[in-house]
Structure formats: C-alpha cells, structure tokens
Amino acid sequence: MRAQPTHPTVEPPLLEVEHLSTAFRLGQTDALAVNHVSFEIRTGETLALVGESGSGKSVTAFSIMRLVQPPGRIVGGRILFRGRDLLALPEREMRTIRGAGISLIFQEPMSALNPVFTVGSQIAETLQVHGRVRSRRDARQRAIELLAAVSVPQPERRVDEYPHQLSGGLRQRVLIAVAIACRPALLIADEPTTALDATIQAQILELLRELKATFNLALLLITHDLGVVAETADRVAVMYAGRIVEEASVREIFRHPKHPYTQGLLASIPGGHPGSRLRAIDGGVPSLGTIPQGCAFAPRCPYRFEPCPTEVPPPYVVGVEHRARCYLQDPAYAPALSGPGRPGRHSKS
Amino acid sequence: MPLLEVRHLVKHFARSSGLFRASSVVRAVDDVSFTIEEGETFGLVGESGSGKTTTGRCILRLVEPTAGEVVFRGEDVLKFRRGRLRRARRDMQIVFQDPYSSLNPRMRVAAIVEEPLIIHRIGSRANRRARVDELFRLVGLEPSHLNRFPHEFSGGQRQRIGLARALALNPSLVVADEPVSALDVSVQAQVINLLMDLQEKLKLTYLFIAHDLRLVRHICDRVAVMYLGRIIELATASDLFAAPQHPYTRALLSAIPIPDPEVRRQRMLLDPATVNRDRPLREVAPGHWAAI
Ligand SMILES: Nc1ncnc2c1ncn2[C@@H]1O[C@H](COP(=O)(O)OP(=O)(O)OP(=O)(O)O)[C@@H](O)[C@H]1O
Ligand SMILES: Nc1ncnc2c1ncn2[C@@H]1O[C@H](COP(=O)(O)OP(=O)(O)OP(=O)(O)O)[C@@H](O)[C@H]1O
Ligand SMILES: [Mg+2]
Ligand SMILES: [Mg+2]
C-alpha cells in the first residue's frame, strides 16, 4: 500500500525539515548530534529514518516535537509543519500541535505509560487536554473505540486495566492508541517494534499500515532494521553521525544504493550461502565528540580518496529524488576513479 | 558420542504473585531434550520468555535445574560436586548478551581476560600475561589497548573482550546467549565472522541463542524452536527454514521481514489456543522433529 505519487506543485509537504541542527554541550564545546538535517514528508507518506545507534535519530524526533532537554538544544534550522515554523511558535501553540498535529511514540515502551493509571484514563487524558471530549463517559467511550481501532481484543475490559497487566505487544498498541487519539496528521514512531518478538513486530507493523490507510496518516518511522524499512517505507533517509548521508525511494535504496555506508548496511544483513562470511563494515560508529572531520564515514570507507577526510561532501543528486553525500558521485572526480574500488563492485571480501 | 546431551531438563521458578496469594510456579523450562555434536553450531530460538536463556544457564549450572540430566562428554554435570564442577566449567563457557553490563567497569580489560586463569590457578604470571596477549590478538583486538577500561571500547570491541575471556580456558562448548543482539548491524557482522573463524580454528561447539532468525539460518547447523518452555520443533537449519512443520514455527518464520521492498511475505498467524503444549515431538522426516 504505497502512497500515490503526488504532483509536487499541488500540495506543499506536510513537514519540511531544513538544516536542523541540535547540539549537546560536551565540556567546552557544542557537539552536533543532529547536523544540518533536511528532509520532507508528504501527507500520507512513510519516511523511514535509518541508522545505527547514536546516529541522531531520536534527537531528530525530539527536535521536531521541541522536546529536546538541556544540555541539548536546537541551534539552527527550520521545521515547517503545514507551512508554519514550529521553532518560532510560542510553547502554548506548540502544545496544541503535539498530539493533535504531530504525535510521537517514544523508543522506550516501558517508560511511556504511567503505571498508576488505567489504560483508559491515559487515553482520556490526551483527549481532554485537546478538548476532544465533553464528559468522562464520552472519554471512556472514545478510549474503547480507540483500543478497538488498534485491535486490542476485548477493549471494554482492557480499558480498565493497568499497563503491567498487558503484554509488550498490547502495551505498544495502547501507546499507538494514545498517539492517534487526537487524529494527528503525522505520527513519529521511534523504534516502535525493536523490543518486541518477531511475530508481534509483524502485527504492529501491519497495524501501522492499516492506520495509515484509514486516517491518511504520514509516518516518520525510526528504525535500524532494514527489513522493517523494506516492508513499511515509501522513502528512506539514512543517517550517519548526525547527518543524512543518503535519501531515496525505498526501491532505489535497496536496488541502487549509492553511499558506501548504505551499501555496507545492506551487505551486512545475514543472507547468501549459509556459513559464508558476512560482509562487515570495518571499525565502529563514532561517538559524539569524536566524529571525524570531512565525511564522517571516511575512516571506515573502502573507497575513500583525497577529498573525503577534508570536507563534508554535499548531497549530490544521483537520481530522481535520490541524493547521496559522497564524493564518488561528483562527476568532477569521475576520471580519477576509473580504477578498481568503485562501489557496486565490492573489492573487499 | 555427542558432546552434550540434555535430557528431560526442567527448571521451575517460584513467583510470588503479591501479598496473601499463593505463589505460582513459572515453568521456564519444561522437559527439554536435545543433543549437540562436537563442532556443531546448535541454535535455540523462540519468543521472549520461552526459556532459552534458562536452558543455557542450566547447562552451565549457573542456575540449578529442577530436574533432568545434562550429560557432557558422557558424564552428568548435575551430579558433579564443587571441585569436579569447577573443572567441568573450564570446558564450558558463556558469552552474554549485553556487552555493556557484562564486563566489570572498574577492571582493566587485561585483568578481565586474565581472571578465569587466576581463578583456575593456571600458569605463572608471565604465562598468563602471554596468554592474555594471545587471546587479545585472537579476537582481533590490539594488545596495546590491554590497559584500558571497558568504557573505552565500543560495543563490538567489548563483545570481543567477553569472547576473549570466555576462550581463556580453552573451552570446547561456548554458550552464546544473544551475543550480537545489542550491537549495531554493521558491527554484528564482524562479531559473527569472528565466531565462525574461531570455531574453525579452535574446533569450538556453539549453543547459539538468538532471536534473529536470519542470523540463525546463516550460522547454525541445527535449530530447536522453543515455545513456552518446550521444544516444539527441531531440525537442520535448512530443513527447518524450507519446511517448517509446527504452526508456531510457521508463524515465526513468516514474521521475518524480508529486506526487499518488492517481495511481500504471506504472514501466518498463530492462535495460541490451538497449540497443545503436551503433544510430544515426533520424527516427521529423518532428523526433523515436531510436536504436531
Ligand atoms: N542527553 C544527552 N546528553 C548528551 N548526549 C546525548 C544526549 N542524548 C543523546 N545524546 C547523543 O546524541 C547522539 C545521538 O543520539 P540519539 O539518541 O539521537 O541516537 P539514535 O540514532 O536514536 O540511537 P539509537 O539507535 O541507539 O536509539 C548520540 O551520540 C548520543 O550520545
Ligand atoms: N530468576 C528467575 N526468577 C523467576 N522467573 C524467572 C527467572 N529467570 C527467568 N524466569 C522466567 O522464566 C521464563 C523463561 O525466561 P528466559 O529468560 O529463559 O527466557 P528467554 O527465552 O531467554 O527470553 P528472552 O528472549 O526474553 O531472553 C520467563 O517467564 C521468565 O520470566
Ligand atoms: Mg534512538
Ligand atoms: Mg534470554
């Protein structure tokens, strides 16, 4: 169920993130956990934000919601939601956007529900905050409907239960119910299935696909699992050390990955002949404060050459709505790169 | 003779369900039997709470089983007294899931890797130092980093340190409990390659506990699927993935996301009410057992 390709001129994107930068204070200096990140999401579309641990995915999500806590702070960029810059809104207006315009499902499912309140009262609270219900009876009825919408069995009974009485999968459904209670246009789901078993993960992804279709929801899906990406996303943005290094349609990313990091991630998925060596990427993900100059991936990159360690590559346009921050894509360097070691032909074992 | 034979293993935990109520029993492992041949990689998969970790820990007697036999090289480990058990443990080691919490943060990594040698009073100080150096190289770490503390290493490197420690005593069986689950995808592949290399070099036997079925398919010779404390299917990896027999296995395999946007898998759902836990395993094809 893919979003229909929309005509770019007909409707502006639902969300436009432009050069978003978010920093954490590290000793004397600010370190950028999110570094000039730009992307857009259209109505009803799913954008997957993928990357390894520490690449800045959650900080991006928190920045969009304006929930970054000190010592972190947004230091630059614009976040346009329906054309309005969220970073310029007074906090009071931002509060109405949270929940009713954009909802976030947090990465830690255990901490996101309050253990001392019933499932129903937590859904009701969200509805009341946004003035969506007239009475408590009304709120309870809506809560039951929402639990039914996220396929919680026996919603009339579950509505009065506490979070600890629910399995991990049901708890995640309740969180989704809270998130969609006020009909947001955009749902940000930060690793919504990582803590779940494979069978439950499949059910939750199916639920997200259904909700998207029913409510015309746009989805920013944060994950490190490329299998989940392949099943759920329309477009993909790959993040590394705070930057988006490649962005394309899901088909392009899997068929014609251009950035060596994306290629490495795809190649390290177990597959191929059983027992054969897996293709690993050498080295490890840099931590904040030790992010290398130039292209942050250069020290691990089998194709690095002169310009890589000195200056950050710009996002080269490499296809239809396909960009990659890699000097290999610069036509000016093409003659110098005709030797072995071009991507696509993995020179390494 | 198989290297390891687990027979009718049972482990019950008492769980007190609140004030004034009788405590209930969790049947974490409930009559589990399997064998592992020398040099084999035997996978244990199943949903969270199905009893995989408990099975692994019972084999090493890190938790005491309620009943059953764990026969290692022909002898029942569960009958061993302390001294004999200590010697047996040299031959059976475990690598834990979490490379962050499984290493003592206040010890230098050289001491962490050396510790098992000291506990088992092996070699002189100089011998041990040389062995630690050798182990560090074996797992692909830089011996010049031996004086560092665990937090100075990345997750993948810490998992290598855990592996070096587990290999210090030259074990023949390594229980690897989700050894790469906490690692980044790109680093997982490094550690998996290392596990495969070491197996070849040192003739290791692995009990490999995992929930990443793609990984299990890649590295395991045979696989057992656990469900609510029981093994409900056991077969070679290729048979299991080609022709799963039990409805739970089918649901599990059909849930693996395919990393290809143009391929859709037909999902199979499992109604837990339809699973009869008491149905015994039977051989449905040579070497392929299923509780159906
Ligand atoms: N409160 C904080 N103080 C200091 N640094 C932080 C804080 N929160 C996040 N960071 C740093 O910002 C960077 C990005 O973190 P973020 O949580 O966004 O990563 P992520 O991509 O979501 O990773 P994961 O996949 O592990 O969830 C990391 O280097 C992290 O250490
Ligand atoms: N020390 C303990 N005390 C009480 N119950 C326990 C204990 N250890 C495990 N259990 C219970 O035994 C069952 C099996 O747990 P186990 O950790 O073996 O599962 P697992 O298959 O390894 O799961 P996971 O995939 O989540 O690691 C669970 O219901 C668990 O809650
Ligand atoms: Mg995160
Ligand atoms: Mg476990």
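Predicted model: local features only at pLDDT ≥ 70, side-chain atom pairs only at ≥ 80, totals over all residues.
A backbone N or O atom of A:V59 sits 2.8 Å from an oxygen atom of ligand 1.

At A:G54, a polar backbone atom lies 2.8 Å from a ligand oxygen. At A:K57, the side chain takes part: one of its N or O atoms is 2.8 Å from an oxygen atom of ligand 1. Taken alone, ligand 1 exposes 640 Å², and the protein buries 67% of that.

Now widen the view to the whole shell. Ligand 1 is surrounded by 13 residues. The closest are A:S53, A:G54, A:K57, A:S58 and A:V59. By type, the shell holds 6 polar, 4 nonpolar and 3 charged residues. Helix α1 of chain A, residues 57-64, supplies the largest share of the shell, with 3 residues.

Follow helix α1 to A:T60, which lies within this helix of chain A. Is A:T60 buried or exposed? Its relative accessible area is 0%. The cut-off for buried is under 20%, so A:T60 counts as buried. Which residues is A:T60 in contact with, leaving aside its neighbours within four places in sequence? They are A:L20, A:V34, A:F39, A:L49 and A:M239.

Terms used
Residues numbered from 1 in each chain as written. Chains lettered and ligands numbered in written order. Heavy atoms only, no water. Near = heavy atom within 4 Å. Polar contact = N/O pair within 3.5 Å; in protein donor to acceptor, adjacent residues only side chain to side chain. Areas by Shrake-Rupley, 256 points an atom, 1.4 Å probe, with all protein chains shown as cover. Helix = DSSP H or I, 4+ residues; strand = E, 2+ residues; numbered from the N terminus. Nonpolar A, V, L, I, M, F, W, Y, C, P; charged D, E, K, R; others polar. Buried < 20%, exposed > 50% of the residue type's maximum accessible area, 1.4 Å probe, protein only. Contact = heavy atoms within 4.5 Å.
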